[in-house]
Amino acid sequence: MFRNYFKTAFRNLQRNKLYSFINIAGLAIGIAVVILIGLWISSELSFNKSFKNYGHIVQIIQNDENGSNNGINTMSWMPIPAAVELRNKYGGADFKYIALSKESGPCILTFGDKRLSKNGMYAEPQFPDMFSLQMIAGTKSGFNDPSSIMINQSLAKALFGNADPIGKMIRIDNKNNLKVTGVYQDFPLNTNLYGISFLAPWDYLVADQSWVKAGYEQWDNNSFILYAQLGDRANMNQVGNAVKDLMKGKSDRRDKPELILQPMSQWHLYNEFKNGKNVGGAIKYVRIFGIIGLFVLLLACINFMNLSTARSQKRAKEVGIRKAVGSVRKQLILQFLAESVMTVCIALLIAVLLVQLALPWFDHLAGKEIHFPWDSVSFWGLTAGLTLITGLIAGTYPAFYLSSFNAVKVLKGAYKAGRFATIPRKVLVVFQFAVSVALIISMVIIFQQIQHAKDRPLGYDQNGLITIPMSTPDLYGKYDLLRNDLINSGAAVNMAEATNPATWVASHQIGFNWQGKDPNTRPVFGVIGVTPDFGKTVSWQFIKGRDFSRNFPTDSLGMILNEKAAALIGFKNPIGETIQFNGQNFHVIGVIENMIMESPFAESEPAVFLMDYNNAGYITVKLNPDMNPHHSLVEVGKIFRKYDPSAPFNYTFVDQDYAQKFTSEERIGSLATFFALFAILISCLGIFGLASFIAEQRTKEIGIRKVLGAKVSGIWMMLSKDFLWLVIISFGIAMPVSWYAMHHWLQNYDYRISISIWVFAITAVVTIMITLGTVSFQAIRAAAANPVESLRTE
């Protein structure tokens with residue numbers, strides 16, 4: 001019996017090639033989109049799960065009541081004494097491991113004539129066991145030696161080729177030699193530790209950096225990341241409550257810092273805090289795209305329902321004959337469901353092929369390394385379930401509708417669809433286009449918000465700026481020599497050093513006082529140390545006062561405020577006023593426009609600039625705009641190699657570094673565009689199929705109208721207007737829904753657009769044009785047909 005069901009279903013698919021193609025294509029696209037979204041969601045939800053101790057690892061962070069300018073600030077940085085006290089008081093049953101760490105930034109690693117710039121991490125001895133490093137060579141035990149280093153497999157291959165790296169010496173930043181004691185497997189892309197190419201012992205950092213050693217006595221020095229692994233029987237909530245007040249009363253701070261245990265499961269998807277409370281994070285995109293995927297598949301199912309019920313009169317005689325020869329309704333329902341499931345199964349095979357072809361492009365779009373899970377039993381089980389559910393959703397309504405026909409009326413030729421028979425189809429078409437229109441509006445608003453942030457005044461000139469990290473000691477103390485050589489070469493017009501690049505702030509401090517300051521507040525300021533030529537190099541814009549100058553020795557204690565800092569401090573005329581920072585008095589010499597150094601979507605943070613020759617970590621060079629950039633870089637590279645021959649000439653363009661800040665939003669916008677286009681395509685396939693059927697159904701009417709003098713344009717309008725009304729209704733539904741959703745999304749950004757009515761107007765015009773273009777092909781074809789042929793056929 002079931003064999004007969006599927007044989008009949010296959011014949012029906014062959015007999016109606018156009019409608020079969022529309023149904024299979026729509027369902028294949030819908031299933032492919034669901035599989036791609038499912039793989040992306042699986043990658044997001046599996047973030048960090050490759051670590052063996054995933055369920056027990058936490059990062060210890062803190063809430064600072066008065067440490068921010070707006071309520072409670074949540075900081076991921078911790079002081080060293082907190083780790084020491086946690087280990088002494090709670091090590092063992094509560095915490096199995098506790099490990100301090102600090103990322104190194106780019107370091108120059110040298111072996112023989114090979115020099116590479118890589119990011120690494122300094123960590124305490126418990127770190128390798130906590131994060132279950134997969135060792136390729138050597139052992140974790142050697143990590144206790146301060147003169148050792150562990151490198152990942154990629155770095156080992158790059159430095160040593162096929163030779164055994166164990167026991168070899170690597171020179172780091174042209175200062176010290178470290179012995180390779182282990183090679184570990186690269187951290188996967190979907191982990192927070194991706195890109196960490198080496199691990200160096202914490203004791204090496206303490207011995208190499210005096211400020212780190214001094215940090216053992218400083219509860220206010222929040223500069224380090226603190227990880228811990230809970231004991232096997234420890235309860236996270238109980239341990240969290242026990243340690244939360246550990247830092248209270250440990251320093252002269254008036255605030256009351258509170259420790260928080262953030263489990264590894266929250267590091268990626270739940271990493272946003274507001275006023276001390278976790279408010280989610282990237283998990284919202286997991287939910288949004290999951291819902292979009294289900295909607296796209298539902299749109300394809302609606303196509304199947306609409307075309308199946310629209311063609312009911314074509315199959316009415318079949319139903320009547322089957323009932324007359326003894327078929328019961330249950331058998332007819334199974335027959336129609338078999339057709340639906342067969343269609344979905346064929347669509348699934350095509351969808352799998354589409355996914356396999358699209359994965360490399362989708363990986364690039366989503367910033368992932370997703371592989372098709374051919375050998376995953378759970379994937380195929382879920383896919384089989386999805387196929388069955390899709391078949392039932394798509395086929396249930398048509399099956400019950402078609403099987404309800406009265407056999408006597410059908411065989412007498414007296415069957416006619418009721419006057420309300422088209423209402424369900426119209427409702428489904430409205431739903432289809434409402435979803436598609438909402439996605440289009442959302443896509444446009446996302447890109448408007450991104451462009452709005454890109455067009456934001458930066459407060460400086462990025463053109464021709466490059467940033468070069470001072471990775472080795474060879475560049476220190478040669479500022480004037482290096483700057484003069486660069487300018488004299490003609491390749492650069494200026495150069496300066498700073499504690500950080502122009503695109504982020506490395507240090508945020510609270511130790512500021514000034515006359516009239518509220519003693520109960522401790523606002524956070526970004527602190528940037530610069531050489532006197534920094535302002536001229538980046539072309540910052542002054543509102544009041546002047547720049548740093550070598551001609552004024554007192555500028556060594558001068559301070560330049562950005563506009564936000566000047567407003568926060570509140571002096572009517574800040575020039576010449578005294579501001580105390582860490583017990584040292586500084587006098588304000590200038591106020592500049594806000595430089596956008598951190599998130600382009602957030603309000604500018606208060607920042608102060610101090611003259612500092614001693615603690616620079618980055619060089620900023622302004623290339624000569626009158627010279628070809630390639631030639632300029634060649635000349636600049638030669639000069640840098642003259643002063644620092646041991647390090648590769650690594651540089652980045654400031655505008656490209658700044659563009660990286662838009663990566664996440666642009667990726668979300670691209671994914672939204674990808675899914676929106678497929679939603680529109682599926683909806684258009686459905687309308688095309690319905691327009692084809694309606695034109696076929698009204699062939700005789702169209703022929704008579706043409707004989708009586710109707711014009712092609714009139715017939716085209718007659719066939720198109722019903723669809724236009726449905727699209728207009730769907731737009732009326734989609735507009736308030738999309739406005740509400742995107743207004744809520746925009747609240748995540750301090751610097752944001754206002755949603756313009758033109759977004760909806762343009763979307764409406766585009767949607768109507770797409771609809772007319774889809775319908776017009778069949779409408780004009782039917783209207784232009786020879787009425788003699790159509791009437792003779794009828």
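1. Let's begin with Trp-40. Not counting residues up to four places away in sequence, Trp-40 is in contact with Tyr-285, Val-286, Phe-289, Phe-362, Ala-366, Lys-368, Ile-370 and Leu-671. Another core, of 43 residues, lies apart, and its members include Ile-60, Leu-100, Val-180 and Val-212. Please keep in mind throughout that this is a predicted model.

2. Now for the setting of that tryptophan. The largest nonpolar core holds 122 residues, and within it Trp-40 and Phe-609 touch the most other members. The biggest contribution to this core comes from helix 2 (residues 17–45), which supplies 14 residues. As general background, nonpolar side chains in soluble globular proteins tend to be buried together.

3. What does strand 10 pair with? Strand 1 (residues 57–64) pairs with strand 10 in the antiparallel sense, over three bridges, and Ile-57 stands opposite Gln-229 there. Strand 3 (residues 95–111) also runs antiparallel to strand 10, joined to it by six bridges. Here Ile-98 has Ala-228 as its bridge partner.

4. Glu-85 sits in helix 3 (residues 80–90). Is Glu-85 buried or exposed? With a relative accessible area of 16%, Glu-85 counts as buried, because the cut-off for that is under 20%. Leaving aside residues up to four places away in sequence, Glu-85 touches Tyr-90, Trp-219, Leu-246 and Lys-250.

5. The other is Ser-197, found in the loop between strand 8 (176–184) and strand 9 (198–201). Ser-197 is buried too, at a relative accessible area of 10%. Its contacts, apart from neighbours within four places in sequence, are Lys-118, Asn-119, Gly-120, Met-150, Ile-151, Asn-152, Leu-155 and Tyr-184.

6. Finally, have a look along helix 22 (residues 712–746). Its 35 residues reach 47 Å from first C-alpha to last, close to the 51 Å expected at 1.5 Å a residue. Where is helix 22 kinked? The kink, of about 40°, is centred on Ser-720.

Key
Residues numbered from 1 in each chain as written. Predicted model: local features only at pLDDT ≥ 70, side-chain atom pairs only at ≥ 80, totals over all residues. Heavy atoms only, no water. Helix = DSSP H or I, 4+ residues; strand = E, 2+ residues; numbered from the N terminus. Buried < 20%, exposed > 50% of the residue type's maximum accessible area, 1.4 Å probe, protein only. Contact = heavy atoms within 4.5 Å. Expected span 1.5 Å × (residues − 1). Bend = angle between axes of the 7 residues up to and from the residue. Core = buried A, V, L, I, M, F, W, Y, C linked by side-chain atoms within 4.5 Å. Pairing = 2+ DSSP bridges.
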